[in-house]
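Colleague: I would like to learn how to read the features of a model like this one, going from confidence to contacts and then to sheets. Could you take me through them in turn?

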Amino acid sequence: MFHNRAEALALALPAAVFAAIVFLAPVVILLAEGFRNADSWSLTAYVDFFTDPLNRTVFLRTFRLGLMVTAVSAVIGYAAAFAIVNLSPRNKGQMIGLVVLPLMISSVARTYAWIVILGRTGIVNQALQLIGLSDEPIRFLFTETAVFIGLLQLFLPLMILSLISALENMPKDAIPAARVLGANWFQVFWKVILPLTKEGLVIGGTLVFTGSLTAYITPAILGGSKVLMLETLLYQRVTVANDFVAASVIAFILIVMSFAANLLLKRLATARNKR
Amino acid sequence: MSDAPFLSLEKLTLAYGDTVAVKDLDLSIRKGELVAFLGPSGCGKTTTMRSIAGLLTPASGRISLDGADITRVSANKRSVGLVFQSYALFPHLSVFENVAFGLRLKKLPASEIETRVTAGLKSVGLSKFAARKPAELSGGQQQRVALARSMVMEPKVLLLDEPLSNLDARLRLEMRTELQRVQKETGVTMIFVTHDQGEALSLADRIVVMLNGAIEQIGTPEDIYNRPVSRFVADFVGFENIFAVEGGKLKAANGPIALSESLPPDTAGFAWRPRMVTLGSGPFQGTVRGASFSGSTREYLLDTPLGAIKAEEDAGLAAHQPGTELTFDLPVAKAARLERFG
Amino acid sequence: MTPRVFSPLVLFLVIAFLIGPFFIIVAASLSGGETLAFPPQGFSLKWVAKVFTVESFRESFAVSMFLAIGGTAMALVLGIPASYALSRYKLPFGETVRTIVSLPIIVPGIIVGLALLRYIVVPFGFNITLALFLAHTALVLPYAVRVVSASLNNLRSDIEEAAVLLGSSRAGAFFRVVMPNIRSGILAAFILGFVTSFNQVPVSLFLSGPGVRTLPIDMLSYMEITYDPSVAALSALLAFMSIGIVFLAERFLGFSRYV
């Protein structure tokens, strides 16, 4: 540890000043705009925003989709992560590689694939018609289901990776010990695995939840203007109506939710370091 | 070895931010001396050493080396070498390049660098490893590279931070011999920091015992071992039976005990090692509570009106069984006389 | 049913769900038909070829490349000294500095883009390319600081002191003994920053102007107009590019240690 203040500041300030000017200041001004009414501070913009039923729907939908994606990815994530940690080291590395791989691919490309799969002439519709479950194409695109599937595919890897590292940090013999003491698999999960990996679950959950909340591409491509989420609503308010006040309100909601989730994450991380 | 101070610290005060680590320290070291800074962790020994190296600027006070004031001289211009506890070898450079690092910065001619590095590696017995990376060496070998790296710079003072603590018992003995040899061959002034009294006693010409950022005692190993001047030093070098003296009387558990001898006025206490306690005769009485056999000796724990007393006898003598009443003596003539008791 | 039986099936389904769409894109882009379809109608490379002939794709590819390389380089120029200060110095307000430089990762990109447009680009008359460059730099900065800090923290700081005691200046010690040892961390940060910036959409949404838009934004608007498989072909090509880069990085750097 060095103690030369001037040197330290000279090294750190350019980055801090850059982030403050390019990023922090404009964002703060934008957020402040939502609390201004003519010349005074007010919450009118927020009251107006939530009075509009469309906005309420979008807000609730965003929240609901976020929770659903998080919950479902947790269930699938546990099954997948548990399967992966029990593989031989070599296979495990390859499987982790396959889970990481999609994260490196542009989300535009990943989401675009669902148009091919879920479209009117997509595989799912072709299959349904082939086996006679349906006479005409079912509309999947521009439904909440499509957005849900798209988001799940986008963020599931983050949950799996968090849970893999949580499971690997679990005391090695905890599960056999519980089995020997007579626990069935359900009890093993509920009483041993879950409590021992809940930090990983929270970390993965936070990443998936904030990711889904602030997703733009998935609702834009798979939801269109029929299934708006907060970010696509923001884009629409700005480009269609030039409504920067509503944009500021949405921005504030998104930031508050992201921050709350990240604060929770940070608190957990420090709690773990102390131990 | 001349008597004039070669390295001297005057009224040195060192601080980390607002935390004072060393206060008003005075110390002078002669050329060619091998000095140990001994003390528990947090006593300021490493801090003092880092200030000598120039890695820490003193809050106040003066450091001079070889007649020049170096207090404000930056670390890269001091001619002080430091062997780090972790060795701090450069992981991306070969052993040869590690040792050559400082010489290259001095822009010495390539042929001279070659000669000096080769000689340096040879002197620590690592000629064969010149092309290896530090990670491919054992801990002991890495330390010898670090030693060579400092020594080829021909420093005026060589500092070593806990040089033996990371080594196993066999390597420790080897390194101890190595350091003594290097010191003898080059005559370099050496200071090493340790928390292990055994290391300090066996290696140093002089020991500086530190506590709470101040010097507790300076002396030869014999001085420190036989004549500790404070309760802390006595305890640190293995005295077990330590009593304060107040008004010419020994302060014991059940009240003061008058001493027959007349004492110098600055007597603050007495301390006895277990083997200095005479068993079987004397004015005091105690009950044997426990005994342990350690090969050549037997150690006893006595319950006495003075408090608990530890005594030691040759294992050849008959053992005293627990529960036995024994008379014993604490001979003042054998005791270490403490000047400070606090 | 024990996990032993259950696991391979779960794993197969999950991996199929995650990776499958990628193969479908590849297949669809090799279709001979005129519209997007799967299974592909015949085999042809015409859509792959078409990607290279679309003028706007070429232009926006160049923009995205410039942003990904230039923005990441700039983020490293700012981020390496900052990481060094954060890991080696007792920095006044160190936590505040760390928070400020890592905020862009938490705040949704669309908000950053909008705020930049409204309060910097418009009032100060910045051109869009510069605004995009600043936005992408800010976006990559948190990754640069995180990855470089991690490799600095894995490096003992006493080697710098050792270098200084052997006669090196402080700056010299940084370039002689710190840089060579965090080189792969910096490269990893560069790759992560490149991929992040290149694939980034929301921050660039509002920052597009005549002739200047990033490739993903261009793809989004192309998709609204045409339903031919060229976007699929482009997606597949980009995916192969990302995978290739990451594969090489993992091979030579052990990239996953840093991410």
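**Reading the model**

Modeller: In chain C, confidence is highest in helix H3 (residues 55-88) of chain C, with a mean of 94, and lowest in helix H11 (residues 230-253) of chain C, with a mean of 84; the score is pLDDT, the predictor's confidence in each residue, from 0 to 100. Helices (H or I, at least four residues) and strands (E, at least two) are DSSP runs, numbered from the N terminus. This is a predicted model, in which local features need pLDDT of at least 70 and side-chain atom pairs count only at pLDDT 80 or more, while totals for chains, interfaces and linings use all residues. Residues are numbered from 1 along each chain as its sequence is written, and chains are lettered from A and ligands numbered from 1 in the order in which they are written.

Colleague: What is the mean pLDDT of chain C, and which scores does the predictor give the complex?

Modeller: As a general idea, where pLDDT is low, the predicted coordinates should not be read in detail. Here the mean for chain C is 88, with 96% of its residues at 70 or more, and the complex receives an ipTM of 0.88 and a pTM of 0.83.

Colleague: Where does UniProt place the domain feature in chains A and C?

Modeller: UniProt positions are given in the numbering used here, with feature names shortened, and annotations may be inferred rather than shown by experiment. The unreviewed UniProt entry for chain C places "domain: ABC transmembrane type-1" at residues 61-249, a span that is 80% helix and 0% strand, with its end C-alpha atoms 22 Å apart. For chain A, an unreviewed UniProt entry places "domain: ABC transmembrane type-1" at residues 59-265, where the chain is 78% helix and 0% strand and the end C-alpha atoms are 23 Å apart.

Colleague: Which chains have the most contacts between them?

Modeller: Two residues are in contact if their C-beta atoms, placed from the backbone, lie within 7 Å. Of the 2 pairs of chains that touch, chains A and C have the most contacts, whereas chains A and B do not touch, their nearest C-alpha atoms being 8 Å apart. The contact of chains A and C draws 69 residues from chain A and 66 residues from chain C, and helix H1 (5-33) of chain A gives the most to the chain A side, with 18 residues. That side has 55 nonpolar, 10 polar and 4 charged residues, where Ala, Val, Leu, Ile, Met, Phe, Trp, Tyr, Cys and Pro count as nonpolar, Asp, Glu, Lys and Arg as charged, and the others, Gly among them, as polar.

Colleague: How should I read the open sheet in chain B, and what is its strand order?

Modeller: Strands of a sheet pair through backbone hydrogen bonds, either parallel or antiparallel; two strands count as paired if DSSP finds at least two bridges between them. In chain B, the open sheet of 5 strands runs S13-S12-S11-S14-S19, with antiparallel pairing. Strand S13 (255-258) and strand S19 (336-338) of chain B each have a single partner strand at the edges, so one side of each lacks a neighbour in the sheet. Strand S12 (residues 249-252) of chain B pairs with S13(B) in the antiparallel sense over 4 bridges, and Leu250(B) has Ile257(B) in S13(B) as its bridge partner.
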